[in-house]
Each structure stands twice: as structure tokens, then as C-alpha cells.
Amino acid sequence: MPTVAIIGPGAIGCAVGGPLVETGREQVLFCGNTAFDRIHVTYPTGPAFEGPAKSVTTPQDLAPVDWVLLCVKAHQVPGTAPWLRALVGPATRVAVLQNGVEHREVVTPIIGDGSRILPVVVQIPAERTAPGVVKLTGDPHLVVSREPLGTAFQYLFNKSRLPVKTTPDFLKAMWEKMCLNSANGSITALTERDQSVLRQADAAELARQIILEAMSIARAEGATLDDSLPTRIIANLANAPGGGNSMYFDRRAGRDLEYEARNGVLVRLGKKHGIPTPVNATLYALLKNLKPRPSA
């Protein structure tokens with residue numbers, strides 16, 4: 001039976017781990033700061049799942065596993081080094097489930113072998129409401145590259161309630177998600193309004209400008225993106241029934257924000273390619289200088 005360790009049992013970690021526990025085909029270990037012994041996942045349609053969960057709060061005495069699913073935000077990766085060093089052995093494969101476009105760059109310095117790292121695009125609208133408890137507000141899926149490592153990851157979730165899609169153009173999929181994240185996270189975190197704020201014309205225009213800058217960077221990085229992408233992203237957000245995203249929920253809860261992975265990276269890559277990014281640079285400056293809020 002394959003062994004799977006999930007580092008970061010937050011909204012995404014629980015939404016990913018729940019289906020694995022439900023199938024019963026893998027030994028699943030949740031690794032984080034808070035222990036829990038039950039996993040509960042509520043879906044927008046169909047029955048919820050609740051079952052026993054094994055969790056640990058220290059990497060001490062852990063052995064390497066077959067798969068590590070890294071489900072923390074990019075700025076939290078350095079703090080997972082003790083977990084990764086304990087759980088990653090010579091044959092361990094590491095799937096990085098996070099926003100941004102630098103999945104390999106942030107993890108390789110810790111494990112030392114980028115060939116075993118699988119970047120994953122996460123499409124899971126979810127909110128954690130308690131340790132081990134997560135509510136999904138939309139249909140979830142994951143996207144990976146159509147390669148042997150991606151196919152092996154897809155097989156982990158075979159016959160589960162979490163579809164894993166493979167694509168021959170992962171760069172495009174990753175940058176399309178980046179274009180979405182750069183706009184919806186920054187606007188909802190700064191306004192402290194959910195995604196329905198994108199129904200306002202001025203907010204929608206701001207989102208369009210953010211996305212256009214991101215698309216320029218994406219194309220410089222080699223991604224092929226359709227000109228219709230800004231219109232599609234804004235329409236999807238505006239037509240959604242409201243709800244937040246992880247950066248919105250983090251801001252409301254007083255947690256650190258992932259502005260570096262969503263907007264700061266665009267500023268850095270813009271300088272690399274000689275592409276101006278005035279809108280994202282402004283948002284980046286505002287986000288990293290927000291007055292801290294007490295943690296919920």
C-alpha cells in the first residue's frame with residue numbers, strides 16, 4: 001500500500017487528503033501544527049465524507065514515504081524543511097500543490113533533486129473551518145503535466161472524488177491560473193470583499209489590467225495564452241455566486257498573505273524581461289505594507 005504524507009493540512013491539504021483516505025488504497029499521514037483524528041470533507045453536491053485520520057505534529061522519528069504532497073503556500077515552504085528532510089528519501093516523489101509559478105524553485109534547495117518534483121495546479125475552492133474539517137464550495141480538480149510523474153500522481157487519485165487532469169501544455173495551465181490568482185487575490189484582500197466585487201466595473205477593469213501584465217510576463221516565459229483570457233477570467237469571477245479565495249480568507253483571519261507568489265513574482269520577472277508592471281508593482285507594495293490584523 002503506497003504511503004502518502006500531506007504537509008500542510010489546511011483547506012487544500014484536507015481537500016486532497018480526504019479523497020485518499022476515503023478510497024482506502026493509500027496510507028495517509030497528515031503533517032502539521034495541529035493534531036486531529038478525523039477528516040471531514042463537505043462537497044457542494046453529493047454526500048460528505050468523514051473518516052479516521054492519522055496526524056502528527058513533529059517530524060521526529062518519521063521515515064521516508066512514497067509520496068509527499070506539499071500543500072502549503074509558497075512563503076511557508078522554508079518552514080517545512082524539517083518535514084521534507086524526514087519524509088523524502090531516494091525514491092520519494094514530491095508533488096507541490098500551491099499557487100504561483102515557482103514550484104520547483106522553492107522546493108529544490110531543500111530536497112536537492114528537482115527531477116522528483118511535480119508542480120500541480122490546484123483548482124479547489126475550499127475553506128477549512130476546523131482542524132481536519134474542510135468545506136468545498138465548487139467542483140474540485142487538479143492539473144499536472146502529461147509525463148510519467150504526472151501519470152503516477154493521477155493514479156494515486158484513481159476512483160476518488162478528486163479528478164486529476166493531465167495536460168501536454170502544463171506551462172499554459174500554470175500561467176492561466178497565475179493570471180487568475182494575480183487579480184482575484186489582490187483585489188479581494190485589499191477590499192476585504194469576496195469575489196462578487198468583480199461585478200463592479202472599476203474593479204473588473206483593475207482585474208483586466210492586472211491580468212494583461214501577467215500575460216505579458218507569461219508569454220515572455222514561453223507560455224501560449226489566448227487574448228480572450230482576461231474576459232473569460234473576469235466573467236467567471238463576476239458570474240460566480242460570491243465566495244472568497246485563500247488570500248481573502250487569510251486576510252480576514254489575520255494570516256500572512258501570499259502576495260509574493262501572486263504579484264511579487266510578476267514584478268521580479270518583469271524586471272528580468274524588461275517588461276513594465278506598474279499595476280502589479282503598486283498592488284505588491286500595498287499588500288506587503290498592509291497593517292497586520294490580529295489572528296482569528
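Helices H9 and H10 each supply at least two residues to the lining of the second largest pocket. Helices (H or I, at least four residues) and strands (E, at least two) are DSSP runs, numbered from the N terminus. A pocket is an open set of points on a 1 Å grid over the protein atoms alone, with protein on both sides within 12 Å along at least five of seven lines, and its lining residues have an atom within 4 Å of a point. The volume of this second largest pocket is about 260 Å³, where a volume is the space filled by probe spheres set on the points, and grid points are joined across faces, edges and corners. Its lining comprises 14 residues, of which Arg-255, Asp-256, Leu-257, Tyr-259 and Leu-290 are the closest to its centre.

The model is predicted: local features need pLDDT of at least 70, side-chain atom pairs count only at pLDDT 80 or more, and totals for chains, interfaces and linings use all residues. Residues are numbered from 1 along each chain as its sequence is written, and side-chain values use heavy atoms, with hydrogens and water left out.

Helix H10 spans residues 278-288, and its buried residues are Asn-280, Leu-283, Tyr-284 and Leu-287. Here buried means under 20% relative accessible area, exposed means over 50%, and partly exposed lies in between (1.4 Å probe, protein chains only). Viewed down the axis of H10, these buried residues fall within an arc of 105 degrees, so they line one face of the helix. The arc is that of the directions from the helix axis to the C-beta atoms. Among the elements that cover the buried residues of H10 are helix H5 (170-191), helix H6 (201-220), helix H8 (246-253) and helix H9 (259-273). Helix H9 also contains Lys-271, which counts as exposed at 68% relative accessibility. The C-alpha atoms of Lys-271 and Ile-217 are separated by 9.7 Å, although the two residues are 54 apart along the chain.

A similar description can be given for helix H4. In H4 (residues 148-156), Leu-149, Gly-150, Phe-153 and Leu-156 are buried. They cover an arc of only 105 degrees around the axis, which puts them on the same side of H4. The face turned away from that buried side carries the exposed residues Pro-148 and Tyr-155.

Phe-153 also belongs to the largest nonpolar core, which has 36 residues; Leu-69, Leu-97, Ile-124, Leu-142, Phe-153 and Phe-157 touch the most other members. A nonpolar core is a set of buried Ala, Val, Leu, Ile, Met, Phe, Trp, Tyr and Cys residues joined through side-chain atoms within 4.5 Å. Helix H1 (residues 11-23) gives the largest share of this core, six residues. Apart from this core lies another, of 33 residues, among them Ile-187, Leu-198, Leu-237 and Leu-269. Leaving aside neighbours within four places in sequence, the contacts of Leu-142 include Leu-97, Val-120, Ile-124, Phe-153 and Phe-157, where contact means heavy atoms within 4.5 Å.

The structure holds one cavity of 30 Å³ or more, a cavity being a set of grid points where a 1.4 Å probe fits but cannot get out. The largest cavity has a volume of about 50 Å³, and its lining includes Gln-98, His-103, Val-121, Met-174 and Asn-181. Strand E8 (117-123) and H5 are the elements that give two or more residues to this lining, and H5 gives the most, with four.

Helix H5 also contains Thr-188, a buried residue with a relative accessible area of 0%. Not counting residues up to four places away in sequence, Thr-188 touches Arg-193, Asp-194, Gln-195, Val-197, Asn-245 and Tyr-248. In the loop between H5 and H6 stands Glu-192, which has a positive phi of about 55 degrees although it is not a glycine. Most residues other than glycine have a negative phi. Glu-192 counts as partly exposed, at 34% relative accessibility. Asp-61 likewise has a positive phi, near 70 degrees; Asp-61 lies in the loop between strand E5 (54-56) and strand E6 (67-70) and counts as exposed at 73% relative accessibility.

Finally, the structure holds zero disulfides, a disulfide being a pair of cysteine sulfur atoms within 2.5 Å. The cysteine sulfur closest to that of Cys-14 is in Cys-71, at 9.1 Å, too far for a bond. Cys-14 counts as buried at 0% relative accessibility, and Cys-179 is buried with a relative accessible area of 0%.
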